[in-house]
Amino acid sequence: MNRKLSLDQATTRSTPWDVLVIGGGATGLGCAVDAASRGYSTLLLEQSDFAKATSSRSTKLAHGGVRYLQQRNIALVLEALKERGRMLRNAPHLVRRQSFIIPAYAAWEIPFYGIGLKIYDALSGKSSFGPSRMFGLDRVRELLPTAVPTLHAHALAGGVEYFDGQFDDARYCIALAQTLHDQGGTALNYTRVTRLLKRNGKISGAVAHDEISGLDFEIEARVVLNATGIFSDEVRHLDEPQATPIITVSQGSHFVLPKSFLPGQHALMVPKTADGRVLFAIPWHGAVVVGTTDDEVPHAQLEPRPLEQETAFLRQHIELYFGRAPKDEEVLSAWSGQRPLVRKQGAKDTAALSREHTVVVSPAGLVSVAGGKWTTYRRMAEDTVDIAQKLVGLPPRPSATQELRLHGWTEAAAQNSSADHELAIYGSDQPALDELIATHPDRPEFAEPIHPRLNITFAQIVWAAREEMAATVDDVLARRTRALFLDARAAIEAAPAVAIQLARELHQDEAWQHQQVAAFRAIAANYVFKS
Ligand SMILES: Cc1cc2nc3c(=O)[nH]c(=O)nc-3n(C[C@H](O)[C@H](O)[C@H](O)COP(=O)(O)OP(=O)(O)OC[C@H]3O[C@@H](n4cnc5c(N)ncnc54)[C@H](O)[C@@H]3O)c2cc1C
């Protein structure tokens, strides 16, 4: 992917695009891949970087959702389990099977959760990730050695193991953007839609602002899809200023802790904390992700910060389930994301709001898709493009994404659904990344780690600039690699050296490097936890 080429394509096209997608998160990229793979000319515009908002800040689970099973939302669980299977089949380099253990602090909980998870297994049918099992105390102690032996005076009695998917959310978005490109579509980051164009009262395109060059330009399109997540209502208001909002924003935060909190390969899952939430502690890139929370917030933000009540909840629950609260410096990174939930009349709290998606078509023909969850992004995209196709009379063609292999797919990854080495995420691009180091003996730093605590090389930074449309230090440290999410202090320390390499690739000067490092430090300061 090359930003300059994409910008040329977006600004010089003489005929209208079939489909213009606004928003470069999971939903927008999914819609663009769906449209392009049906053979429609497709352009996607993202105001910041791909996955900058919610889609890089999830718990990273490709799952049916045990919580939705508790809520008896069987249709959502069934659909999500099908999609979970497709994610693993179509992007095996980015999605892996993960074992989860539910600890039982009363004997009756073992069959209670055990039966629920047998239903979950049965619903997954052919897409099963492995059968669930019930265990006694000794086995659970072996698998979860750091789980507390007593909770609220109840002794650990045993547990249940089940399987779900874990994936790298930001890298999945990059793979979707690359797949879009492979399918003949165009994706452009740092390009914000500022206005919608209308002809005879119908949407006919948009005005976009290139945040890097400052250029404004018009795009004509037969249909415009609004896939802007928590910002959906803002874009709807460009079309209908008085439209009733459809989105409620709910924030969730995570801590990343050292592996010592949860050694081994198994994740911990608590189906119901004292206040009724689900809590996960999941191994991720040699650390442990703990989350999440669910608190309604008044405004959508591109860089949300963990709220005090969220960090208090996480610390309390880490202490409760692992026997001690983390010290400040043990919280390697603290990050938040905001869910775009579709409003439902009468719902009391955001945890009860729907994770299902909705597609709304305005009288002028703006197609807005909102809600859903990461795991169902493909299905949301298929539904949205089906509606758009009929709305404007595009040649009727069925979705081709159910079995569409994403950029990077390899047979080796497909054979080994648990591969977890650091470069596995590049899939079929990995040999070219190795080649980059081999063919540049003049740049020995390529093979070096960007920081002693980060298992990321300078070659990955260079690759991100050359092949993955990375334009800023934040792009390479937060989403092309996951340095910021894994160890915020290390990412801050690595930023100056990373900026030098990036400036070289992007033909930028020293002043640019300083500005980039300062901008990154301002963002990253929010990921450093201070109690
Ligand atoms: C804490 C948390 C944990 C979660 N965990 C999971 C999980 O484990 N599994 C799961 O399946 N789901 C999970 N989810 C849900 C999932 O992350 C979201 O449903 C999904 O990422 C939403 O994607 P999206 O593309 O709709 O929104 P976004 O990723 O927010 O994308 C919208 C994009 O639109 C862009 N945009 C906005 N306005 C404009 C404009 N004017 N012009 C151009 N671009 C614009 C934004 O910059 C943004 O990048 C979680 C969510 C949260 C918050």
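This is a predicted model: local features need pLDDT of at least 70, side-chain atom pairs count only at pLDDT 80 or more; totals for chains, interfaces and linings use all residues.
Lys60 is buried, with a relative accessible area of 0%; buried here means under 20%, against over 50% for exposed and partly exposed in between, using a 1.4 Å probe and protein chains only. Lys60 sits in the loop between β2 (42-45) and β3 (61-62). Helices (H or I, at least four residues) and strands (E, at least two) are DSSP runs, numbered from the N terminus.

Residues are numbered from 1 along each chain as its sequence is written, and side-chain values use heavy atoms, leaving out hydrogens and water.

Met469 also has a positive phi, near 60°. Its place is the loop between α13 (458-467) and α14 (473-480), and at 4% relative accessibility Met469 counts as buried. Then there's the cis peptide bond joining Gly291 and Thr292, with omega about 0°; Thr292 falls in the loop between β16 (287-291) and β17 (295-297). For background, most residues other than glycine have a negative phi, and most peptide bonds are trans.

Back in the β2 to β3 loop, you'll also find Phe50, buried at a relative accessible area of 0%. Setting aside neighbours within four places in sequence, Phe50 is in contact (heavy atoms within 4.5 Å) with residues including Leu44, Ile174, Met469, Arg479 and Arg480. The C-alpha atoms of Phe50 and Gly25 are 6.0 Å apart, though 25 residues separate the two along the chain.

Now the ligand. Its shell holds 37 residues, the closest being Thr27, Glu46, Ser55, Leu61 and Thr375; a residue gets in if one of its heavy atoms lies within 4 Å. Among the polar contacts, which are pairs of N or O atoms within 3.5 Å, are these:

| Residue | Protein atom | Ligand atom | Distance |
|---|---|---|---|
| Thr54 | backbone N or O | oxygen | 3.2 Å |
| Leu61 | polar backbone | nitrogen | 2.8 Å |
| Thr375 | polar side-chain | oxygen | 2.7 Å |

The protein covers 96% of the 1,000 Å² of accessible area that the ligand has on its own, going by the Shrake-Rupley method with a 1.4 Å probe. At least two shell residues each come from α2 (26-37), β10 (191-199), β13 (247-258) and β18 (333-342).

What about the nonpolar cores? Each is a set of buried Ala, Val, Leu, Ile, Met, Phe, Trp, Tyr and Cys residues joined through side-chain atoms within 4.5 Å. The largest has 55 residues, and Val95, Tyr172, Leu225 and Trp374 make the most contacts inside it. Helix α7 (residues 169-182) provides the largest share of this core, with 8 residues. Another core, of 39 residues, lies apart from it and includes Val289, Trp335, Ala494 and Ala495.

Beyond its neighbours within four places in sequence, Trp374 is in contact with residues including Ala26, Ser55, Met87, Phe167 and Tyr172. Thr384, in helix α10 (residues 377-392), counts as buried at 0% relative accessibility. Outside the four places on either side in sequence, Thr384 touches Cys31, Leu225, Val359, Val367 and Val369.

Conventions
A polar contact is a pair of N or O atoms within 3.5 Å; within protein, one must be able to donate a hydrogen and the other to accept it, and residues adjacent in sequence count only if both atoms are side-chain atoms.
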